Amino acid sequence: MSDKIVRGRFAPSPSGRMHLGNVYAAVMSYVAAKSVGGEWIVRIEDLDRQRCKSEFCDMLLEDLEWLGLHSDGEIVYQSQRDEIYENALRQLEAKNLTYSCFCTRADIMAASAPHESDGAVVYGGKCRHLTMAERAALGTVRKPSTRLIVPDEIVVFRDMNYGEQRCNLLTDCGDFIIRRGDGNFAYQLAVSVDDAMQGITQIVRGRDLLSSTHQQIYLRRLLGYEVPDFLHLPLLVAADGRRLAKRDMTADMSHLRERFSPEELIGKVMHICHQTECAEPMSACDAAKLFDVGKIGVADCKIFS
């Protein structure tokens, strides 16, 4: 067993006020790291300059302070790290692993069949085979995104909650975007680079990101990074089974802070993810002492009233 200290993180996008789903991810990532004497840091994933606003970021950080969740390191903003991502992109380009893609979302949807297991559309690699002349002609019409070439290879990892996960990169994922047509770097590249550079050893997040983990592991290996441990959480759902969304205003932090103290909210989060038998108020530090990954389960969690 490694003696390396566990370092977890919470990496929200400030595209709106924090809601219960964010609180759930923040608390669980915090207690998972702190339960083994680890560190926990906050990273602001504000790559999308159009949707991410400074006022939302300020509220997010203040909400975390209110909850008693304090970062153990300097807070990193992805919007300030383009040069770092550019360097990673150049490494991939030097290995001839990238190409320009001129396809629109509509083009991809029309030309691709959904993957049978989850309905996700797998890119067929159309632009991978364009000639230089074709790329030049298309470049006069549309700014291309940059895709990473994936091999016909199976990536396997063991999730701390969902067990072994297998994925064929070519047939289940397809070549994926690492830089968008508007120039912004894609989530897959940025998160892989940042986790490595910040020394993240444990990633706790919702199961909606489980399928993207294989792509991130592949990217990490290409760039010479170590692969961290992954713990994916069941999603929070409403009483009718509908996935919780930002439009559910009763789950917005402004409403939650009117109804609950920080200790009550943390206690309720611990209860809905089966860490406690009842929703007993507790601090984040006390919650960390009770954390048991074996109790989380794989079924989605219904939110409290």
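**Cysteines and a sheet**

Tutor: Start with Cys173: its sulfur lies 3.3 Å from the closest cysteine sulfur, in Cys167, which is too far for a bond. A disulfide is a pair of cysteine sulfur atoms within 2.5 Å. This is a predicted model, where local features need pLDDT of at least 70, side-chain atom pairs count only at pLDDT 80 or more, and totals for chains, interfaces and linings use all residues. Residues are numbered from 1 along each chain as its sequence is written, and side-chain values use heavy atoms, with hydrogens and water left out.

Student: Is Cys173 buried or exposed?

Tutor: Buried means under 20% relative accessible area, exposed over 50%, and partly exposed in between, with a 1.4 Å probe and protein chains only. Cys173 has 11%, so Cys173 is buried. Cys301 is buried too, at 2%.

Student: What holds the strands of a sheet together?

Tutor: Strands pair through backbone hydrogen bonds, either parallel or antiparallel. Strands here are DSSP runs (E, at least two residues), numbered from the N terminus, and two of them pair if DSSP finds at least two bridges between them. In this model, three strands form an open antiparallel sheet in the order S4-S5-S8.

Student: Which strands stand at the edges?

Tutor: S4 (98-101) and S8 (176-179); each has a single partner strand, so one side of each has no neighbour in the sheet. Three bridges join S5 (residues 145-148) to S8. Leu148 has Phe176 of S8 as its bridge partner.

Note on methods: Helices (H or I, at least four residues) and strands (E, at least two) are DSSP runs, numbered from the N terminus.
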